[in-house]
Amino acid sequence: MHLSRFPRVFLAHLPTPLERMDRLSEALGIDLWIKRDDCTGMSTGGNKTRKLEFLFGEALDQGADMVMTQGATQSNHARQTAAFAARLGLKCHVLLEDRTSYNNANYNNNGNVLLDHLHGATTEKFPGGHDMPAEMERAAQKKRDDGHTVYVIPGGGSNPTGALGYVNCALELVCQANNANLKIDRVVHATGSSGTQAGLVTGLCAMNTGIPVLGIGTRAPQPKQEQMVYDLACKTAEKLGCPGVVQREDVMANTDYVGEGYGLPTESGIEAIRMFAELEGILLDPVYSAKGAAGLIDLARKGTFKDERVVFLHTGGSVGLFGYDFAFDHADRWVNL
């Protein structure tokens, strides 16, 4: 897998740390490690930064002067895309879809939305249920008619080009494990638009590591989630020149922790946020990483990971906490001395 064949901009802070979480390991009774992809840099970092290195490399290679993407209101992907565009001197336009119907000032203007605008991106807001790829193509054509060369990035940066970022992460993770003489039994992470899991699975399978990846779903039902990941993994393998390296059984997703829907906090997710913050000083976000961690915690308590060394891939997103302050009850934390 010679990734240098593909255009890329080198802006991420890599490699990200691979660390043992001692207090959470003790609390859950497993050997738990964390891959800190919340530390990739570019506007507080997150998993999209790895994808965007290859996506912006391709955009520049095609002579783009503007990028366009779409996501939910509190999209981590939109924020990181806007940061890349600012760093590289490209214009950025983002289409945001209201997938929660929250009428809350912080949710609609703080967190990722605030940073989108600070990075100079322009935004449009759409009600939930829109065909966002079609809306984005219409918006892109309008910008092209105005004379811009527009590079369109799919939601989450999840296409074969973006997935190369997590093929690279798989290489990085295995190298770290080998250098530390660390046997990894499983990788667990939050999975949504599918690019992170597809890239990881493709990379790990291509290297014949035998390390399974479990995606904890944040939106789609299990059959749809697994099919999206498998389809993208197959396309990514073809792009790399190793078609057929990923088999259907290599793709596993558990969607029991979505709750009432995408972007809607869950009790188990809030518990996960508190546990990671209070035991390890690590921040999660309610939309993705907390639901991934909630699945990890529950499955650990049920004995799923008995005698395994598990790596939790932290996909970032803590900026989103500032848009979800209403989900936390702080009353029991105030004391009078």
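Student: What makes Ser 194 count as buried or exposed?

Tutor: Keep in mind that this is a predicted model. Ser 194 has a relative accessible area of 5%. Buried means under 20%. The value of 5% falls under that cut-off, so Ser 194 is called buried.

Student: Where does Ser 194 lie?

Tutor: Ser 194 sits in the loop between β7 and α8 (195-206). Its phi is near 95°, a positive value in a residue other than glycine. Most residues other than glycine have a negative phi.

Student: Which label does Asn 181 get, buried or exposed, and why?

Tutor: Asn 181 has a relative accessible area of 72%. Exposed means over 50%. The value of 72% passes that mark, so Asn 181 is exposed. Asn 181 also has a positive phi, about 55°, although it is not a glycine. Its place is the loop between α7 (160-179) and β7.

Student: What is the omega of the bond that joins Leu 14 and Pro 15?

Tutor: Omega is about 0° there, and the peptide bond is cis. Pro 15 belongs to the segment before β1. Most peptide bonds are trans.

Student: Now the sheets. What is the strand order in the sheet of six strands?

Tutor: The order is β1-β2-β10-β7-β8-β9. The sheet is open, and its pairing is mixed.

Student: Why are β1 and β9 said to stand at the edges?

Tutor: β1 (18-20) and β9 (252-254) each have a single partner strand, so one side of each has no neighbour in the sheet. On average, neighbouring strands of this sheet are turned by 30° against each other, direction ignored.

Student: How do you know that β1 and β2 pair?

Tutor: Count the bridges. Pairing needs at least two bridges between the strands. Three bridges join β1 to β2 (residues 31-36), so the two strands count as a pair. They run antiparallel. Within this pair, Arg 20 has Trp 33 of β2 as its bridge partner.

Student: Which helix lies across β2, β7, β8, β9 and β10?

Tutor: Helix α11 (residues 289-301) does. Its direction is at about 165° to β10 (309-314).

Student: How are the strands paired in the sheet of four strands?

Tutor: The pairing is parallel, in the order β5-β4-β3-β6, and this sheet is also open. Its edge strands are β5 (122-127) and β6 (150-152), each pairing on one side only. Neighbouring strands here are turned by 20° against each other on average, direction ignored.

Student: What makes β3 and β4 a pair?

Tutor: Seven bridges link β3 and β4 (residues 91-98) in the parallel sense. The rule asks for at least two, so the pair qualifies. Thr 69 stands opposite Val 94 in β4.

Student: Why is Ser 43 called buried?

Tutor: Its relative accessible area is 17%. That is under 20%, so Ser 43 counts as buried. Ser 43 lies in the loop between β2 and α2 (48-61). Beyond residues up to four places away in sequence, Ser 43 touches Arg 79, Ala 83, Leu 115 and His 119.

Student: What is the volume of the largest pocket?

Tutor: About 630 Å³. Of its 31 lining residues, Gln 70, Arg 99, Gly 155, Ser 193 and Arg 219 are closest to the centre. Helix α9 gives the largest share of the lining, six residues. By class, the lining has ten nonpolar, 14 polar and seven charged residues.

Student: What volume does the largest cavity have?

Tutor: About 110 Å³. Its lining has 17 residues, and nearest the centre are Asn 47, Lys 48, Ala 190, Thr 196 and Tyr 288. The elements giving two or more residues to that lining are α2, β7 and α8.

Notes: Residues numbered from 1 in each chain as written. Predicted model: local features only at pLDDT ≥ 70, side-chain atom pairs only at ≥ 80, totals over all residues. Heavy atoms only, no water. Axes fitted to C-alpha atoms, helices over the stretch in contact; angles between N-to-C directions. Contact = heavy atoms within 4.5 Å. Buried < 20%, exposed > 50% of the residue type's maximum accessible area, 1.4 Å probe, protein only. 1 Å grid on protein atoms, 1.4 Å probe; cavity = no way out; pocket = protein on both sides within 12 Å on 5 of 7 lines; lining within 4 Å. Points joined across faces, edges and corners; volume = space filled by probe spheres on them. Nonpolar A, V, L, I, M, F, W, Y, C, P; charged D, E, K, R; others polar.
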